[in-house]
Amino acid sequence: MELYKQQHIKIYNSLSGEKDNFKPINDGYVGMYVCGPTVYSNVHLGNVRTFMSFDVIFRYLKHLGYKVRYVRNITDAGHLENDADVGEDRIAKKARLEEIEPMEVVQRYTVDFHNILNTFNFLPPSIEPTATGHIIEQIELIKTIIDNGFGYEVNGSVYFDVHKYNKTNNYGILSKRKLEDLIHNTRELEGQSDKKNPQDFALWKKAEPTHIMRWPSPWSDGFPGWHLECTAMSTKYLGEHFDIHGGGMDLKFPHHECEIAQNQAAKGKTPVNYWMHANMLIMNGKKMAKSTGNFILPTEIFTGDNKNITKAFTPSVARFFMLQAHYRSILDFTNDGLLASEKGYNRLMEAIGQLQDLKTSETSTLDIQAWIQKCYDAMNDDFNTPILIANLFEGVKYINQIKEGSETISLKDLENFKNTINAFVYDILGLKNDKTNAANGTDKLSGAVQLLIKLRQEARINKDFALSDQIRDELAEAGIQLNDGKEGTTFSTN
Ligand SMILES: [Zn+2]
């Protein structure tokens, strides 16, 4: 029987403002869409945190036996500097400043994004669609919205009529904002004069003559509005109605509010059952900002090359640190926090290493089944990773108690205990044992070099000095020095 039939998840739903029982639309299947990055700069640590939250959710749903289709897009066009449809396209601006093609910007930062996520041991999504790969779908969607009376064209651009929409729908249903308040608080921005109302948002923008990222459409040569791509791509791959939509807290308004409005306007239905939002990441108690130096790039955590940290940390330690905060809490990134996490992580890995040596008894004095259920309960309660980690440390305590002989464990319980720890630590939290990996790497290298030392000795006995010198020289080129001594040959690496 699939685990999801026994383990019942509750999800904090931004739409209802409550923890709702999770029930997928199709039994056993989950459709999940997460707004991906706009690829115009190195991925921000705050984004890594958001995507890590959904990586763990994806992993847990899979662990429970759900067939999950996880779609996370790449925004490679249409995201302007200002959310109110003004300013330059972020990618086009970077391309102009660096005098390269926009698609070179996209390629560079998409590669960077994937590299960083791989380093942090993320699972790839099931589909990773791009905005520029779905221009046709976006144009079709705009046509439908216009046909249904919720879009209007002015000077080659198309806008969504928020005021008209709000008469029959609720614009603000997700962000809990009221249109009347928005009207009072919206400033008129330059370049918005085409709109009937400042609250309207762009579905299609006519490109200025100098704008190179442009596509033909019935209205003008231009580009789609940012909010539109997620509606087009989520509908295409997950259907008009799907289970989970996630993203960073900052996307709730206007981005996600607009997605709901677009779906409702085009299809007459609410697109998503569970809206999930990951909270922000701050650093040393303050907002991260390059200008003040209160900033770190993800890669700098691994090199230690940043004044905000005192040493380098492995990707698993950084991952462990981030998962010690619940995804809906603000995460404060600090050197002290990382140091404490490193200690905790090492303690956890050390204990896991001792699992195989534990002696079993006829009976258990520990209630392992209850402990296992507590681990599931933590994740079932809106994916509460800090509580899960606290339970894992209770497991570490058990390991020490069994080792010391103050508690006992049966063979069957030990098997379940081991399987549960491995599942939660490696499959669900996505940690790796960095220490073992490093040690294994050295062991493998050592084995290979020892073999070459042996072959070289044989060559010397056979007076094949050409071969013995070749082995020595080629190893030296690879950074491995052979040292011939009285005790035999040893090696060192540089
Ligand atoms: Zn989106």
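User: Among contacts in the protein chain between residues at least 6 apart in sequence, what share joins residues at least 24 apart?

Analyst: The share is 72%. Two residues are in contact if their C-beta atoms, placed from the backbone, lie within 7 Å. This is a predicted model, in which local features need pLDDT of at least 70 and side-chain atom pairs count only at pLDDT 80 or more, while totals for chains, interfaces and linings use all residues. Residues are numbered from 1 along each chain as its sequence is written.

User: How many helices and strands does the protein chain have, and what makes a stretch count as one?

Analyst: The protein chain has 16 helices and 16 strands. Both are DSSP runs numbered from the N terminus: a helix is a run of H or I with at least four residues, and a strand is a run of E with at least two. Along its principal axes, the C-alpha trace spans about 90 × 65 × 40 Å.

User: Into which domains is the protein chain divided, and where do the bounds come from?

Analyst: The division gives domain 1 (24–278), domain 2 (282–428) and domain 3 (434–493). Their bounds come from an automatic or database domain assignment. Between the C-alpha centres of domain 1 and domain 3 there are 56 Å.

User: Is Phe22 buried or exposed, and how do you know?

Analyst: A residue is buried if 20 or more other C-beta atoms lie within 10 Å of its own, exposed if 12 or fewer, and partly exposed in between, with C-beta atoms placed from the backbone. Phe22 has 20 other C-beta atoms within 10 Å, so Phe22 is buried. Phe22 is found in the loop between strand E2 (18–21) and strand E3 (29–34). Leaving aside neighbours within four places in sequence, Phe22 is in contact with Ile9, Lys10, Ile11 and Tyr274. In the protein chain of 494 residues, buried residues make up 39%.

User: Why is Asn121 called partly exposed?

Analyst: Asn121 has 16 other C-beta atoms within 10 Å, and therefore it is partly exposed. Asn121 is placed in the loop between helix H3 (102–119) and helix H4 (135–147). Although Asn121 is not a glycine, its phi is positive, about 65 degrees.

User: What makes Asp382 partly exposed, and where does this residue lie?

Analyst: The count for Asp382 is 19 other C-beta atoms within 10 Å, so the residue is partly exposed. Asp382 is in the loop between H12 and H13. Asp382, which is not a glycine, has a positive phi of about 55 degrees.

User: Where do the buried residues of H11 fall when seen down the helix axis?

Analyst: The buried residues of H11 are Leu338, Ser341, Tyr345, Leu348 and Ile352. Seen down the axis, they fall within an arc of 85 degrees, so they line one face of H11. The arc is that of the directions from the helix axis to the C-beta atoms. An α-helix has 3.6 residues a turn, so residues three or four places apart point the same way. The buried residues of H11 pack against helix H10 (315–323), H13 and H14. Exposed Asp336 and Lys343 are carried on the face of H11 turned away from its buried side.

User: What covers the buried residues of H14?

Analyst: The cover includes helix H1 (45–63), helix H11 (335–354), helix H12 (368–380) and helix H13 (385–404). Buried in H14 are Asp413, Phe417, Thr420, Ile421, Phe424, Val425 and Ile428. After H14 comes Gly430, with a positive phi near 70 degrees.

User: Why are strands E7 and E10 said to stand at the edges of their sheet?

Analyst: Two strands pair if DSSP finds at least two bridges between them. The open sheet has four strands in the order E7-E8-E9-E10, with antiparallel pairing. Strand E7 (151–154) and strand E10 (222–224) each have a single partner strand, so one side of each is left without a neighbour in the sheet.

User: What makes strand E9 and E10 a pair?

Analyst: Three bridges join strand E9 (residues 201–206) to E10, and DSSP pairing asks for at least two, so the strands pair. E9 and E10 run antiparallel. The bridge partner of Lys205 in E10 is Phe223.
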